[in-house]
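Here is a friendly walk through one protein model, taken a region at a time. Please keep the viewer open as you read.

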Amino acid sequence: MTMDLRDLYQEVILDHNKRPRNFGALEGAAQAAGHNPMCGDRVSVYVRLEDGRVAEARFTGNGCAISKASASMMTEAVTGRTPEEVQGMFSTFQDMVTGRADADDEKVGKLVVLSGVKEYPSRVKCAMLAWHALQAAIAGA
């Protein structure tokens with residue numbers, strides 16, 4: 001990872017950790033929770049589907065900066081997308097943070113900045129926690 005990307009990675013994570021987007025419960029929405037027993041991170045993801053698309057996604061919980069930033073950025077990225085598109089983003093994001101695929105901003109947009117997680121394998125679960133909860137919430141919607 002280049003120094004510029006490393007700096008951006010840190011900056012974006014700190015920003016989303018301090019000022020998470022779409023933070024708070026969503027009444028009447030499908031919901032699923034996730035817990036990482038390794039570090040104690042807990043997240044609940046709420047999703048409301050309308051006309052076959054994610055009309056709104058929100059989250060609550062607490063955890064490390066990476067899990068909070070990932071959840072915050074995820075809720076922004078999936079809004080307006082179909083469940084199939086969200087599944088594709090999930091797979092691409094997972095491949096990116098585990099190092100199985102190169103970062104591709106055409107497929108994951110701003111989430112590409114989280115590609116730096118692959119440098120810290122113990123933090124992959126932190127980055128993926130909200131994504132797994134989102135999958136469960138969409139399945140239950």
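## About the model

This is a predicted model, in which local features need pLDDT of at least 70 and side-chain atom pairs count only at pLDDT 80 or more, while totals for chains, interfaces and linings use all residues. Residues are numbered from 1 along each chain as its sequence is written, and side-chain values use heavy atoms, with hydrogens and water left out.

Helices (H or I, at least four residues) and strands (E, at least two) are DSSP runs, numbered from the N terminus.

## The nonpolar core

Let's begin with the largest nonpolar core, which has 41 residues; Val78, Phe93, Leu111 and Trp131 touch the most other members. Two or more residues come from each of helix 1, strand 1 (30–36), strand 2, strand 3, helix 2, helix 3 (83–98) and helix 5 (124–140). Helix 5 gives the most, with eleven residues. A nonpolar core here is a set of buried Ala, Val, Leu, Ile, Met, Phe, Trp, Tyr and Cys residues joined through side-chain atoms within 4.5 Å.

Leaving out residues up to four places away in sequence, Trp131 touches Ser70, Met74, Val78, Val86, Met89, Phe90, Phe93 and Leu111 (contact means heavy atoms within 4.5 Å).

## The cavity

There is one cavity of 30 Å³ or more, and the largest cavity holds about 60 Å³ of space. On a 1 Å grid over the protein atoms alone, a cavity is a set of points where a 1.4 Å probe fits but cannot get out, and a pocket is an open set with protein on both sides within 12 Å along at least five of seven lines; lining residues have an atom within 4 Å of a point. Grid points are joined across faces, edges and corners, and a volume is the space filled by probe spheres set on the points.

Strand 2, strand 3 (53–62) and helix 2 (65–78) each supply at least two lining residues, with strand 3 giving the most, four. Among the lining residues are Arg42, Phe59, Ser67 and Ala130. By class, the cavity lining has four nonpolar, five polar and two charged residues (Ala, Val, Leu, Ile, Met, Phe, Trp, Tyr, Cys and Pro count as nonpolar, Asp, Glu, Lys and Arg as charged, and the others, Gly among them, as polar).

The largest pocket has about 210 Å³ of space. Its lining is made of 13 residues, and His16, Met73, Glu76, Lys110 and Leu111 lie nearest its centre. Helix 1 and helix 2 are the elements that give two or more residues to this lining, and helix 2 has the largest share, three residues. Seven lining residues are nonpolar, two polar and four charged.

## Residues worth a look

Is Ser44 buried or exposed? Ser44, in strand 2 (residues 41–50), counts as buried because its relative accessible area is 15% (buried means under 20%, exposed over 50%, partly exposed in between, with a 1.4 Å probe and protein chains only). Its side chain makes a polar contact with the side chain of Gln31 (3.3 Å).
A polar contact is a pair of N or O atoms within 3.5 Å; within protein, one must be able to donate a hydrogen and the other to accept it, and residues adjacent in sequence count only if both atoms are side-chain atoms.
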